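Please read these notes with the model open beside you. They take up strands, cores and ligand contacts in turn.

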Amino acid sequence: MKIGFIGLGNMGAPMAHNLAKAGHDVIGFDSQPRLVPMVTAAASLSDAVATADAVITMLPDGKIVQAVAATIIPSMTTGTSFIDCSTIDVQTAKKVAADARNAALMPLDAPVSGGTLGATGGTLTFMVGGQLEAFEKAVPLFDIMGSKSVHCGESGTGQVAKICNNMIAGATMIATCETIVLADKLGLDRQKLFDVVSTSSGNSWTMSSYCPAPGIGPKSPSDNDFLPGFACELMLKDLRLSQQAAEQVAADTPMGALACHLYQQFVEIEDGEGRDFSAMLRRFEGRRRHDDEN
Ligand code: NAD
């Protein structure tokens, strides 16, 4: 297939490379000069999409996706798949999909989990919203870039799945970190805590697969001085998207709201920026019960 790939950053570059390695003819465009092996550089957005059978976007936020979509939709051929893999707000995802459908394109919102390691290794999970026919057409591409793709429902539901998952991961990471520090202060060995919790009702992915305590559990960013991994600012972005969505549908999400607040503090006024989201452990290690009241 001929694939136009827009947004060749930390995630997009390895995804585009994997498609090219699998034999597809990939034409890439980024607003910054970025060279990706085996990917032909296009001179403009329109050049990247004009003759493509499928167009994939991997961009920072909803505003940019909407602006790029407004430019490329008129240049795309009827019936072309338009797969947005960026993490963006649900409303924009629905609007972009409606605009694309009006132009007789096949839009999908297909955000991913798995981070840069998953993008490089071709093991991402795709959460996909849009018509089933469009999803089925795109599955061979998801199979190259990832190891799992789930059709979640109509347009926007891929983004819903992504922000719901990350709202759980953010809140659970905080619960895991504060628990580890409580156990420290009460004199319980971290390994013993892990041994008990990882097979008990307090278990979670953040404890058993991505433990924030260095040296405990499978290897994770905590064993690499909290280098991301999944950076705190990306978690904050997703938590903000989940709160924005919750507000729009009047859903009561107090844990998500608190997680968003704590990651915002951690990124903006503590030393969380640029660290993995599990570095939240350091925050709790450095605090006492009433620190916020002083
Ligand atoms: P990034 O900032 O590394 O890459 C984004 C790229 O888009 C950059 O190269 C930038 O120059 C380019 N860009 C910006 N505006 C453009 C425009 N108008 N036209 C063309 N190119 C433009 O970001 P990333 O880490 O690759 O993340 C991309 C998306 O994936 C985000 O929505 C992010 O939330 C999501 N995501 C990231 C991760 C991760 O671990 N990095 C994990 C899951 C999801």
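1. Strands β8 (residues 124-129) and β9 (residues 146-153) run parallel and are joined by six bridges; two strands count as paired if DSSP finds at least two bridges between them. Thr 125 stands opposite Lys 148 in β9. Together with helix α6 (residues 132-145), β8 and β9 form a right-handed β-α-β unit. Right-handed means that, with the strands pointing away from the viewer, the path from the first strand over the helix to the second runs clockwise. Helices (H or I, at least four residues) and strands (E, at least two) are DSSP runs, numbered from the N terminus.

2. This is a predicted model, in which local features need pLDDT of at least 70, side-chain atom pairs count only at pLDDT 80 or more, and totals for chains, interfaces and linings use all residues. Residues are numbered from 1 along each chain as its sequence is written, and side-chain values use heavy atoms, without hydrogens and water.

3. The largest nonpolar core has 33 residues. Such a core is a set of buried Ala, Val, Leu, Ile, Met, Phe, Trp, Tyr and Cys residues joined through side-chain atoms within 4.5 Å, where buried means under 20% relative accessible area (1.4 Å probe, protein chains only). Its largest share, eight residues, comes from α7. Apart from this core lies another, of 31 residues, including Leu 8 and Val 128.

4. Which residues are closest to the ligand? They are Met 11, Asp 30, Arg 34, Leu 59 and Lys 237. An N or O atom in the side chain of Asp 30 is 2.6 Å from a ligand oxygen atom. For Leu 59, a backbone N or O atom lies 2.8 Å from an oxygen atom of the ligand.

Conventions:
Buried < 20%, exposed > 50% of the residue type's maximum accessible area, 1.4 Å probe, protein only. Near = heavy atom within 4 Å. Polar contact = N/O pair within 3.5 Å; in protein donor to acceptor, adjacent residues only side chain to side chain.
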